[in-house]
Amino acid sequence: MTKRSLMFYLLSVAVVGFAFAAGGVDGPVQKQAVNPLAITMFIIFVAATLGITYWAAKRTKTAKDFYTAGGGITGFQNGLAIAGDFMSAASFLGIAGLVYTSGYDGLLYSIGFLVGWPIVMFLLSEPLRNLGKYTFADVTSFRLEQRRIRILAAIGSLSVVTFYLIAQMVGAGKLIQLLFGLSYSTAVIVVGSLMIIYVAFGGMLATTWIQIIKAILLLGGASFMAFMVLLHFGFSFENLFQTAVSVHSKGEKIMAPGGLVSDPLNAISLGLALMFGTAGLPHILMRFFTVPNAKEARKSVFFATGFIGYFYILTFIIGFGAIALFVQHPEYFQNAKQIVIDGITKIVDANDPAKNLVGDKKALVGGENMTAIHLAEAVGGPAFMGFISAVAFATILAVVAGLTLAGASTVSHDLYANVFAKEKDEQKEVKVSKIATFIIGIFAIVLGIVFEKQNVAFMVGLAFAIAASVNFPILILSIYWRNLTTTGAFWGGLAGLVVALVLIVISPTVWVDVLKNPEPIIKLKNPAIFSMLTTFVLTILISKLDSSQRAKEDREGFEPQYVRTQTGIGAEGAVHH
Amino acid sequence: MNKALIEKIKNDTDFQKLVKERTRIMIILTLAELVVYFGFILLVAFNKEFLAQKLGDSVITIGIPIGIGVIVISFLLTGIYVYIANKDFDELTEKIKQKYARGE
């Protein structure tokens, strides 16, 4: 056994053993009873993924293997992996819960999360593949000055990864506490350690296959749930919606948009963040370097969009199924009783029969995020609920692994190899990325524990806003706009980042919800509309006025870049082992 | 790639055709997606009543097929791009590569 595989083995045993041992430790009040079925299924998943990681580790030797799985992933596989990277537990459990509490409004989020994909396809997928090697900063710095552009890309990527990762870790801790009965900190440590093992040893190859398996499990599980819901209602949507409307506390209001999107400015700003944020997420952009050419790159987006769209339609059916079927299950509610009025079964407050509890987020055992989990039990019994719980855990693991890999790649490839290192040495670069994986992993565990009691709901929105205001504008301008200069990109991107951060701090989501001030300074909840505008306007303005020697080189570099963007001549190829 | 080769590729009719076609398709499809999505968002922001209209005697509102429609149209647009790219762009790209790629 080599030193590396021994280390891999010891770490794996330690994590699994720790999860077992911690199962009996007493945790905070909301902790549920240990769910042995769910834990068994989860351990099977973990064993399988560790097996894959071991297999991948043996095939991960060069930097190209580590960052791009050797570049030989097919478009279909990459499409599934992108879907696996993108469909987080928040979008599965969160959107199902949102549909359960508000009906139609849940669909608005699903749509927002989907519409970025065509933009990625039309504007970015092929140029990314043709110009880049390991990270999207390879593309933005193609003709601009390496140093400043890599630093900007690293700031953008690492802020997106950090905020996204904290939100995922805190969500993971709370969810696992509910699903498996592990304590919060145990859950965060298990998730963090597994993601370190996957990424540090198996690199992009292991991460890709974990995402593919997770995507298949999640799509399969959600399909089965939606199928069972529809079966129950004789495959009649009319029947399903009719029942849902008759039992939900909001009645017919669940069939149309409600309070979620209140004013137009907020609606458009959130829409911009979701649409263009998707096109600026470093862990998603990185996936385009795993396929052999531009043709496979575009194919991957087609499959990804199909899988993600299908998945969101399923969550809509799952949410409405929960509304319609939970009336048969008073045991999913706290302090509730079942009554029959005019032949319609309802769930009401045990002390106040006038209070309908269906759709009330607080009344559901475990809160609204448990909607899909309860529904799994309602349609498939405890075994299926165990399966869905394990899938939710797997979902979190795949997403955090993707984020960690993107963060580590930025540190090693953008910062170490292209800014700080005196000479290029790919072996050293891989070593740095592995060390970075450990550091980011430990950092994520610590932050996950520190933020346990904080409201982190704003962080995903902030990650999307930063991606839309820093990464996306610079990427699009560097690919398509001849006059972009290093100075313009650098200051424009930084200004967009600052505007996004400042606006979110003084907005209702942080100023009121986190800092507990009575009134927000501005009403806008998502800063994207102003921060994106800042980046575009400033970048264009500064670039136009830039008459430095570097600016001349930046502009002259456009033609060769343009030819390569369009034709792929000179692009990175795949390696075959 | 050296300057002379870049000049040659730039002046190649196949290259110009590829760039023109791809840019046209890219702009049309991007605009289509923007119009569909932001049209929908503006409808949600300004005219909730329109989306709340019921389809005949059904409880289903017009907002549901429209919302699902945005998802389906987005997917179809990516399909259209792949179809056109596979049919037209790849062939042109291959031709250009055949002519010039050896000079890298």
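Predicted model: local features only at pLDDT ≥ 70, side-chain atom pairs only at ≥ 80, totals over all residues.
Figure 1. Within chain B, the confidence is lowest in α1(B), where the mean is 88, and highest in α2(B), where it is 94. For the complex, the predictor gives an ipTM of 0.94 together with a pTM of 0.91.

**Figure 2. The contact between chain A and chain B.** Chain A brings 46 residues to this contact, and chain B brings 45. On the side of chain B that touches chain A, the helices α1 (3–11), α2 (13–46), α3 (48–51) and α4 (63–100) each supply at least two residues, and the largest share, 18 residues, comes from α4(B).

**Figure 3. Chain A as a whole.** Chain A is built with 22 helices and two strands. Its radius of gyration is 24 Å, close to the 25 Å that the globule rule gives for 577 residues, so chain A is as compact as a globular protein of that length. Along the principal axes, the C-alpha atoms of chain A fill a box of roughly 80 × 60 × 45 Å. Of the 577 residues in this chain, 64% count as buried, and among the contacts between residues at least 6 apart in sequence, 82% join residues at least 24 apart.

**Figure 4. The largest nonpolar core and Ile318(A).** This core has 242 residues, and those with the most contacts inside it are Val191(A), Ile318(A) and Leu397(A). Helix α10 of chain A, which covers residues 184–232, gives the core its largest share, 28 residues. Leaving aside neighbours within four places in sequence, Ile318(A) is in contact with Ala96(A), Ala222(A), Met225(A), Ala226(A), Val229(A), Ala372(A) and Leu375(A).

**Figure 5. The buried residues of helix α11 of chain A.** In this helix, which spans residues 237–247, the buried residues are Leu240(A), Phe241(A), Thr243(A), Ala244(A), Val245(A) and Val247(A). These buried residues pack against α10, α14 (294–325) and β2 of chain A.

Figure 6. Strand β1 (residues 336–341) and strand β2 (residues 344–349) of chain A run antiparallel and are joined by six bridges; Lys337(A), for instance, has Val348(A) in β2(A) as its bridge partner. Two residues lie between the strands of this hairpin, in which Asp342(A) takes a positive phi near 50°. In the loop between α14 and β1 of chain A lies Asn335(A), a residue other than glycine whose phi is also positive, near 55°. Asn335(A) is exposed, because 10 other C-beta atoms lie within 10 Å, and a residue counts as exposed at 12 or fewer.

Figure 7. Ala69(A) sits in the loop between α3 (63–68) and α4 (75–86) of chain A, and its phi is positive, at about 55°, although it is not a glycine. Most residues other than glycine have a negative phi. Ala69(A) counts as buried because it has 29 C-beta neighbours inside 10 Å, where the cut-off is 20 or more.

**Figure 8. Leu545(A), an exposed helix residue.** Leu545(A) lies in helix α20 of chain A, which covers residues 528–545. Leu545(A) is exposed, with 11 other C-beta atoms within 10 Å. Although Leu545(A) and Ala571(A) are 26 residues apart along the chain, their C-alpha atoms are separated by 32 Å.

How values were computed: Residues numbered from 1 in each chain as written. Chains lettered and ligands numbered in written order. Core = buried A, V, L, I, M, F, W, Y, C linked by C-beta atoms within 7 Å. Helix = DSSP H or I, 4+ residues; strand = E, 2+ residues; numbered from the N terminus. Contact = placed C-beta atoms within 7 Å. Pairing = 2+ DSSP bridges. Rg over C-alpha atoms; globule rule 2.2 N^0.38 Å. pLDDT = per-residue confidence, 0-100.
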